[in-house]
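Reader: I have a chain open on my screen and would like to know what stands behind the words used for it. Could you go through them with me?

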Amino acid sequence: MVLECSCVKLMLFISFSAIALASSSPCSITELPLVRNISEIPQDNYGRPGLSHITVAGSILHGLKEVEVWLQTFSPGTRTPIHRHSCEEVFIVLKGSGTLYLASNSHGKCPGQPQEHFVFPNSTFHIPLNDAHQLWNTNEHEDLQVLVIISRPPVKVFIYDDWSMPHIAARLKFPYYWDEHCYQDTPKDEL
């Protein structure tokens, strides 16, 4: 009887220790709580001045399989790199305004000349699979804040120096900045 008690206590100790270690790692896949306060979720600029990024619900951090949700704030003059990715993306502009540059030429040799689209509070827009784009806070007086939803996470990003750079010369950034400290696998281009 004493041996059984000691074994049960040891098993409980090991289980609780494993749970404590897993929950202390920012890369542990845990179940998302039903209700969370966004202001308590970690944010970072990941070495990109003028950007504030929060992964509200993610694949690497939270185990989501089909979608990922980000809250991003761009200070005046801040922009994303020209890039494309092998997922669909939907933006909801919460505050501020800016310009979306979108080149829908994923079947050509390079993105080509992008179309300019003005974005504003309560506007929404979507980026089709593999279309090169760039979001720029062109408002000199106010932050641009967007809620971003992507499909097929984690995101694989191909970065361009300019709109005439050939697709085959685009640089793969995977895992992306907010996933790189947790991700281990090797990616493939899906264009």
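Reader: Where does H167 lie, and what makes that stretch a loop between strands?

Author: H167 sits in the loop between β10 (157-160) and β11 (171-173). Strands here are DSSP runs of E with at least two residues, and helices are runs of H or I with at least four residues, all numbered from the N terminus. The model is a predicted one, in which local features need pLDDT of at least 70, side-chain atom pairs count only at pLDDT 80 or more, and totals for chains, interfaces and linings use all residues. Residues are numbered from 1 along each chain as its sequence is written, and side-chain values use heavy atoms, with hydrogens and water left out.

Reader: Thanks! Why is H167 called buried?

Author: Buried means under 20% relative accessible area, exposed means over 50%, and partly exposed is in between (1.4 Å probe, protein chains only). H167 has a relative accessible area of 8%, so H167 counts as buried.

Reader: How do you know that the side chain of H167 makes a polar contact with the side chain of Y160?

Author: A polar contact is a pair of N or O atoms within 3.5 Å; within protein, one must be able to donate a hydrogen and the other to accept it, and residues adjacent in sequence count only if both atoms are side-chain atoms. The side chains of H167 and Y160 come to 2.6 Å, and the pair is a polar contact. Y160 is itself a buried residue of β10: F158 and Y160 point one way from the strand, V157 and I159 the other way, and all are buried.

Reader: What makes β10 a partner of β3 and of β11?

Author: Two strands pair if DSSP finds at least two bridges between them. Strand β3 (residues 82-85) and β10 have 4 bridges in the antiparallel sense, with R84 opposite F158. β10 and β11 have 3 bridges, also antiparallel, and there I159 stands opposite R171.

Reader: R171 again! Why is its meeting with D161 called a salt bridge?

Author: The rule asks for a side-chain nitrogen of Lys or Arg within 4 Å of a carboxyl oxygen of Asp or Glu. For D161 and R171 the distance is 2.8 Å, N to O, and the pair is a salt bridge. The two ends lie in distant parts of the chain, 10 residues apart, with D161 in the loop between β10 and β11 and R171 in strand β11. By this rule the count comes to 1 salt bridge. As background, side chains of opposite charge can pair when their charged atoms come close.

Reader: Are the two ends buried or exposed?

Author: D161 has 54% relative accessibility, so D161 counts as exposed. R171 has 40%, so R171 counts as partly exposed.

Reader: Now to the 5 strands of the open sheet: in what order do they come, and which stand at the edges?

Author: The order is β1-β2-β9-β4-β7, and the pairing is antiparallel. β1 (51-57) and β7 each have a single partner strand, so one side of each is left without a neighbour in the sheet, and these two are the edges. Neighbouring strands are turned by 20° against each other on average, direction ignored; axes for this are lines fitted to C-alpha atoms, for helices over the stretch in contact, and angles run from 0 to 180 degrees between N-to-C directions.

Reader: How do you know that β4 pairs with both β7 and β9?

Author: From the bridges: 4 of them join β4 (residues 89-95) to β7 (residues 124-127), and 6 join β4 to β9 (residues 144-151). E89 shows both sides, standing opposite I127 in β7 and having I150 as bridge partner in β9.
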